[in-house]
Amino acid sequence: MGGDRLENKTSVSVASWSSLNARMDNRFATAFVIACVLSLISTIYMAASIGTDFWYEYRSPVQENSSDLNKGLWTDFASDEADEKTYNDALFRYNGTVGLWRRCISIPPNTNWYSPPERTESFDVVTKCMSFTLNEQFMEKFVDPGNHNSGIDLLRTYLWRCQFLLPFVSLGLMCFGALIGLCACICRSLYPTIATGILHLLAGLCTLGSVSCYVAGIELLHQKLELPENVTGEFGWSFCLACVSAPLQFMASALFIWAAHTNRKEYTLMKAYRVA
């Protein structure tokens with residue numbers, strides 16, 4: 001009798017432990033899958049943000065094609081030696097867009113340095129883009145843009161460099177975190193995903209820092225170079241993608257760390273319960 005009771009009690013304990021363990025595994029697996037989806041979406045958003053040219057957009061009246069001044073600005077914009085004031089003046093006048101890698105303007109099609117566009121039925125302007133060289137990315141900004149004798153503006157210089165470098169650091173951290181997560185899946189353990197969560201947290205901070213540096217840099221630039229009359233500026237969808245990517249990285253980080261830490265803690269408690 002006593003042996004049967006002990007055996008039944010042991011069977012119930014094993015069954016309840018197995019059931020609880022299965023529920024725990026399902027809960028942690030769900031959190032891990034959601035974190036992976038958030039991480040993937042944030043990576044896509046960040047990559048798209050880095051590769052597109054719509055971090056900031058200017059809206060200006062259409063310029064006439066016959067103006068010698070306009071043609072001079074277009075030529076200066078296309079020059080490899082264009083300084084900050086020169087290409088910003090062109091951006092202001094010609095509905096410019098600015099990304100991390102390139103600057104673009106929309107110009108009338110019949111100019112002396114650009115061939116007519118293929119589609120002219122509904123478009124009377126074409127888009128011309130120039131890439132920022134590595135030298136331009138790390139070039140010093142001046143207190144008075146375009147005036148090399150005005151002294152170096154250290155704040156704007158480092159803001160520009162940070163807004164260029166931090167998105168790549170963020171993307172690299174997420175990719176490295178994904179490799180660690182893959183190793184965790186191969187090892188069938190959630191504990192290594194703590195490192196993945198920490199890397200995503202750092203990536204989110206880098207993305208947030210990049211967005212903050214960009215906003216501060218734009219505001220400081222517009223204090224130095226005021227927008228002409230009838231010209232407006234606004235942050236574009238590339239900038240919005242970076243803004244959305246940061247909270248997604250933070251949420252993925254929280255889920256990774258929670259799943260790994262709680263799984264480890266409850267596994268230890270269940271092991272002690274099983275031994276007892």
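1. Helices (H or I, at least four residues) and strands (E, at least two) are DSSP runs, numbered from the N terminus. The model under review is predicted, so that local features need pLDDT of at least 70 and side-chain atom pairs count only at pLDDT 80 or more, while totals for chains, interfaces and linings use all residues. Residues are numbered from 1 along each chain as its sequence is written, and side-chain values use heavy atoms, with hydrogens and water left out.

2. Five strands make up an open sheet with antiparallel pairing, in the order 4-3-2-1-5, where two strands pair if DSSP finds at least two bridges between them. Strand 4 (126-131) and strand 5 (232-235) are at the edges with a single partner strand each, so one side of each has no neighbour in the sheet. Strand 1 and strand 5 run antiparallel and are joined by four bridges, and Tyr56 is placed opposite Phe235 of strand 5.

3. Helices on the sheet. Helix 3 (residues 84-93) packs on the sheet and touches strand 1, strand 2 (97-98) and strand 3 (102-107), its direction making about 45 degrees with that of strand 3; contact here means heavy atoms within 4.5 Å. Helix 6 (residues 193-224), for its part, lies across strand 1, strand 2 and strand 5, and runs at about 35 degrees to strand 1. For these angles, axes are lines fitted to C-alpha atoms, for helices over the stretch in contact, and the values run from 0 to 180 degrees between N-to-C directions.

4. Ser60. This residue sits in the loop between strand 1 (56-59) and helix 2 (68-78). Ser60 is buried, because its relative accessible area is 11%, given that buried means under 20% relative accessible area, exposed over 50%, and partly exposed in between (1.4 Å probe, protein chains only). Beyond its neighbours within four places in sequence, Ser60 is in contact with Phe92, Arg93, Tyr94, Asn95, Asn230 and Val231. A polar atom of the Ser60 side chain lies 3.2 Å from the backbone oxygen of Phe92, and a polar atom of that side chain lies 2.9 Å from the backbone oxygen of Arg93. The C-alpha atoms of Ser60 and Gly233 are separated by 8.8 Å, although the two residues are 173 residues apart along the chain.

5. Ser39. Ser39 counts as buried because its relative accessibility is 9%, and, when residues up to four places away in sequence are not counted, Ser39 touches His200, Ala252 and Phe256.

6. The disulfide. Taking a disulfide as a pair of cysteine sulfur atoms within 2.5 Å, the count comes to one. It joins Cys104 to Cys129, with an S to S distance of 2.0 Å, and the link is right-handed, with 105 degrees about the S-S bond. Cys104 in strand 3 and Cys129 in strand 4 are 25 residues apart, and the pair links distant parts of the chain. Cys104 is buried at 3% relative accessibility, whereas Cys129 is partly exposed at 23% relative accessible area.

7. Other cysteines. The closest cysteine sulfur to that of Cys162 is in Cys213, at 4.6 Å, which is too far for a bond; Cys162 counts as partly exposed, at 32% relative accessibility. For Cys206 the closest cysteine sulfur is in Cys162, at 9.9 Å, and this distance is likewise too far for a bond. Cys206 is buried, with a relative accessible area of 14%.

How values were computed
A polar contact is a pair of N or O atoms within 3.5 Å; within protein, one must be able to donate a hydrogen and the other to accept it, and residues adjacent in sequence count only if both atoms are side-chain atoms.
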